[in-house]
Amino acid sequence: MLSGKTILIGITGGIAAYKICELIRKFKKNGASVKVVATPNALNFVTKLTLQNLSQNEVYVQEFDVKNWKPEHISLADESDIMLIAPATANTISKIAQGVADNLLTSIACAFSKKMIIAPAMNCNMWNNPVIQENISKLRNLGVEFLEPDSGFLACGYIGKGRLCSIEKIYSAVVEALNYSKILEGKKVVVTSGGTIEDIDPVRYISNYSSGKMGFAIAKVAKDMGANVVLITTKDFTAPFKIVKVKSAIDMQNALDQEFENSDIVVMAAAVADYRVKNYSEQKMKKTSEDTLILELVKNPDILKGLCDKKTSQIVVGFCAESENLLENAKEKIQKKGCDFLVANDISRKDIGFSSDDNEVTILDKNGNLKRIEKASKTVIARKILEYINE
Ligand code: C5P
């Protein structure tokens, strides 16, 4: 699965460093070439000899162990397809975020322009420190993928968020990232995500449970596939592509109008409210002596249908969330909306959809073909959707 790929693993000085030995074995077993660069502190937790034996390669620690005409921090960066830093301490993350290059690992990170994945591990108070979070956010905005630590018992005796995430999760994230081909290079992909918020008065609104995660995963994967991405969302995300934050269905429609014309692919993963309040109250509505309150609602524009009516060469993809008769409803909907593809989600299942990190979907096209995508992480589902619609 990984043959022909070179994975550069940066190990920093945290107790979770010992877990990376297993990960190196797994990469090697699956055919990857593994290069390890460790900070001097990492060697307090795991020996150079162990890492050398497992990776079947030299382990690099010092900056000035120059072996060829190119300095190590440049040649290791050039030779590798991906850089993974695991475990990543607060110290190393912060140095990379500030462009500090004071050891071989941070120098390589500074010179690395391909995909980088960081799996942090630290004490929960360090993780929650706003300075660390700001540094993480800065790197995220620059395209670094973070694998959030798990919560639980920490080596320092605390219970909280800070444990290195599972080795399986790190392994899958690296495999997933290496398998991307740049099929969307030169294309503009516009994605919507999250539930729209329809105000009733200054303090109340109507919305839905959509987390925005599916649309965000599609935007991220499209970016990794080389697209120029615009995410129009009601949620707070940070990412290395243009994000337009909107609130209501009308806002979303206006934002889409700005981006639609020169786009190549539009994916409407947002859960747009079908109705909004007819008469928004400028003042907070008062409780009355009545036992019931009637809010009058008016229909929101069907944004997806509107785009399909005016589309030229764009590929337009809709989503539908159904709690019953998934495929029958989806078949009817794709005809009604006129989109090229419709991704059908079964929201009656508790293990997938809405706030979950997983999903399972069926993609319909307008000729009546069905493509089922088995349960997987939203990132994997996103990749399969984008590959399928781009075939
Ligand atoms: O009609 P329904 O809400 O089931 O259709 C879902 C699809 O239509 C989604 O892609 C959603 O983003 C889009 N939609 C829309 N405008 C609406 C309602 C839904 O674009 N008012």
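Author: A crossing of two helices is right-handed if the near helix is turned clockwise from the far one by less than a right angle, and left-handed if anticlockwise. The model here is predicted, so local features need pLDDT of at least 70 and side-chain atom pairs count only at pLDDT 80 or more, while totals for chains, interfaces and linings use all residues. Residues are numbered from 1 along each chain as its sequence is written, and side-chain values use heavy atoms, with hydrogens and water left out.

Reader: Thanks! How do I read a helix pair, and at what angle do α10 and α11 pack?

Author: Two packed helices are described by the angle between their axes and the distance between the axes. Helix α10 (residues 249-260) and helix α11 (residues 303-310) pack at about 25 degrees, and their axes are 10 Å apart. Axes are lines fitted to C-alpha atoms over the stretch in contact, with angles from 0 to 180 degrees between N-to-C directions. Helices (H or I, at least four residues) and strands (E, at least two) are DSSP runs, numbered from the N terminus. The angle makes α10 and α11 roughly parallel to each other (under 35 degrees is roughly parallel, over 145 roughly antiparallel, 65 to 115 roughly perpendicular, and the rest oblique). The crossing of α10 and α11 is right-handed.

Reader: Which residues of α10 and α11 make the contact?

Author: From α10 come Ala249, Met252, Gln253, Leu256, Asp257 and Phe260, and from α11 come Ile303, Leu307 and Lys310; contact means heavy atoms within 4.5 Å. By class, the contact of α10 with α11 has six nonpolar, one polar and two charged residues (nonpolar: Ala, Val, Leu, Ile, Met, Phe, Trp, Tyr, Cys and Pro; charged: Asp, Glu, Lys and Arg; polar: the others, Gly among them).

Reader: How do the axes of α9 and α13 cross?

Author: Helix α9 (residues 213-224) and helix α13 (residues 378-389) have axes that come within 8 Å and cross at roughly 60 degrees. That makes α9 oblique to α13, and the crossing of α9 and α13 is right-handed. On the α9 side, Lys213, Met214, Ala217, Ile218, Val221 and Ala222 take part, meeting Lys378, Thr379, Ile381, Ala382, Arg383, Ile385 and Leu386 in α13. The residues of this α9 and α13 contact divide into nine nonpolar, one polar and three charged.

Reader: And which residues in α1 and α8 meet?

Author: Ile20, Leu23, Lys26 and Phe27 of α1 meet Ile167, Ile170, Tyr171 and Val174 of α8. Seven of the residues in the contact of α1 with α8 are nonpolar, none polar and one charged. The axes of α1 (residues 20-29) and α8 (residues 167-178) come within 10 Å and cross at roughly 40 degrees; α1 and α8 are therefore oblique to each other. The crossing of α1 and α8 is right-handed.

Reader: Now the domains: how much area do domain 1 and domain 2 bury between them?

Author: The size of an interface is often given as the accessible area lost when the parts come together. Domain 1 and domain 2 bury about 560 Å² between them, 43% of it on carbon and sulfur atoms (1.4 Å probe, summed over both parts). The assignment, automatic or from a database, gives domain 1 (6-178) and domain 2 (188-284 + 291-389). Their C-alpha centres lie 35 Å apart, and the contact takes seven residues from each of domain 1 and domain 2.

Reader: What is Phe237 in contact with?

Author: Neighbours within four places in sequence aside, Phe237 contacts Ser193, Ser211, Gly212, Lys213, Phe216, Leu231 and Ile243. Phe237 is in the loop between β12 (228-233) and β13 (242-245).

Note on methods: Buried area is the accessible area (1.4 Å probe) that two parts lose on being put together, summed over both.
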